[in-house]
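Subject: Structure handover

Hello,

Here is the structure I promised to pass on. Please open it first, then read the notes below.

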Amino acid sequence: MKALVYLGPAKKAVEERPKPEITAPTDAIVKITNTTICGTDLHILKGDVPSCQPGRILGHEGVGIIEKTGSTVTAFKPGDRVLISCISACGKCAYCRKLMYSHCTTGGWILGNRVDGTQAEFVRIPHADTSLYRLPEGADEEALVMLSDILPTGFECGVLNGKVQPGSTVAIVGAGPIGLAALLTAQFYSPAEIIMIDLDDNRLEVAKRFGATSTVNSADGKAVETVMKMTGERGVDTAIEAVGIPATFEMCEEIVAAGGTIANIGVHGTKVALHLESLWDRNITITTRLVDTVSTPMLLNTLRSHKIDPERLITHHFKLDRILDAYETFGHAADTGALKAILQA
Ligand SMILES: NC(=O)c1ccc[n+]([C@@H]2O[C@H](COP(=O)([O-])OP(=O)(O)OC[C@H]3O[C@@H](n4cnc5c(N)ncnc54)[C@H](O)[C@@H]3O)[C@@H](O)[C@H]2O)c1
Ligand SMILES: [Zn+2]
Ligand SMILES: [Zn+2]
């Protein structure tokens, strides 16, 4: 089969690989129908994720059809159409029992990281019973790919951790797919204001269409001032960090209101200053989280009832054998306007 293989920092290639086999009775082999590329795959290619070693097939998102199941898999059978979660969960370990699937002792974020991933014609899914979801009847398979990672991430790490409330004020720093997923799912709670902050006017335009009440381009260095003015010098109840660099986390520290929450989503590779000298008396909360995907069943319901339409995040389509072109397009989002690219196998 064809697969996109990570060959070390800045190196990748489409290679011919053997079809994966069942290696544990809890495994399933899934034939991929639709997959995509994540910002995190770009982090891997930068060499930011040492757990992902050269030779690894990338990808942790997708939908497909069950080809084969291990002897103890009971929830699925060959021919079933399934959503693949970016997080594998055994369902039994102490972390899984606390619904912290991202910390599963034999799973977590392993797909396209510690085990071969979904940017291939077939993938082996460990802990299949508790890591796959049946597709709702008649569901749009491309839209469902958005539920493998980005929607649960924006919702769990940003909206739930950020305690978005009816009538509250929210700022989301970063209007990439993850920030936009937080924007879409924040609206479940009817906040009064959602301010979207980015450097890219194209993405801010998209954010407006997706329900942002205002947008701020932070390129002029005055974003903090602007947000404070917009909020009557109070700041925002929820500041969601969806970039992963020190400047944007520090911006959240400056715009969070007294009693508010900074919900970090970004993957950070360097240390960030914590300004306790100005925050110690402000009753704030700071949260961090790796997505657990515990909200996936709920998000499937909202997709089925069109409370959210995540296909709006899809800007490009490629055949799987043109995945290198898809990486080019996705890697130059400021020029190409790319959000999510669907790869059809
Ligand atoms: N916590 C988790 O479980 C989890 C899961 C998935 C992804 N992530 C992380 O979430 C982050 C966002 O992911 P994405 O795919 O949307 O990334 P992305 O790179 O597509 O988007 C980031 C956005 O930030 C903007 N930006 C960059 N510098 C900025 C600045 N100084 N000020 C304002 N905006 C700025 C960019 O223009 C871009 O629109 C990444 O760090 C990713 O690794 C975390
Ligand atoms: Zn991802
Ligand atoms: Zn577990």
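T287 counts as partly exposed because it has 16 C-beta neighbours inside 10 Å. (Buried takes 20 or more other C-beta atoms within 10 Å, exposed 12 or fewer, and partly exposed lies in between; C-beta atoms are placed from the backbone.)

Some ground rules. This is a predicted model: local features need pLDDT of at least 70, side-chain atom pairs count only at pLDDT 80 or more, and totals for chains, interfaces and linings use all residues. Residues are numbered from 1 along each chain as its sequence is written, while chains are lettered from A and ligands numbered from 1 in the order in which they are written.

Back to T287. It sits in strand 13 (residues 285-287). (Helices, H or I of at least four residues, and strands, E of at least two, are DSSP runs numbered from the N terminus.) Leaving out residues up to four places away in sequence, T287 touches N161, T261, A263 and N264. (Contact means C-beta atoms, placed from the backbone, within 7 Å.) A263 is 24 residues from T287 along the chain, yet their C-alpha atoms are 4.9 Å apart.

Six strands form an open sheet in the order 10-9-8-11-12-13, with parallel pairing. (Strands pair if DSSP finds at least two bridges between them.) Strand 10 (214-217) and strand 13 are at the edges with a single partner strand each, so one side of each has no neighbour in the sheet. Strand 8 (residues 169-173) and strand 9 (residues 193-198) run parallel, joined by five bridges. A171 is opposite I195 in strand 9.

Then the core. The largest nonpolar core has 103 residues; V30, A171, I172, L180, L183 and I240 touch the most other members. (Such a core is a set of buried Ala, Val, Leu, Ile, Met, Phe, Trp, Tyr and Cys residues joined through C-beta atoms within 7 Å.) Helix 5 (residues 177-186) gives the most to this core, seven residues. The core draws at least three residues from each of domain 1 and domain 2.

Last, the domains. The protein chain divides into domain 1 (2-149 + 292-344) and domain 2 (152-287). (The bounds come from an automatic or database domain assignment.) Their C-alpha centres lie 27 Å apart. The contact takes 20 residues from domain 1 and 15 residues from domain 2. On the domain 1 side, helix 1 (39-45) and helix 10 (296-304) are the elements giving two or more residues. Helix 1 gives the most to that side, with three residues.

Best wishes

Key:
Contact = placed C-beta atoms within 7 Å.
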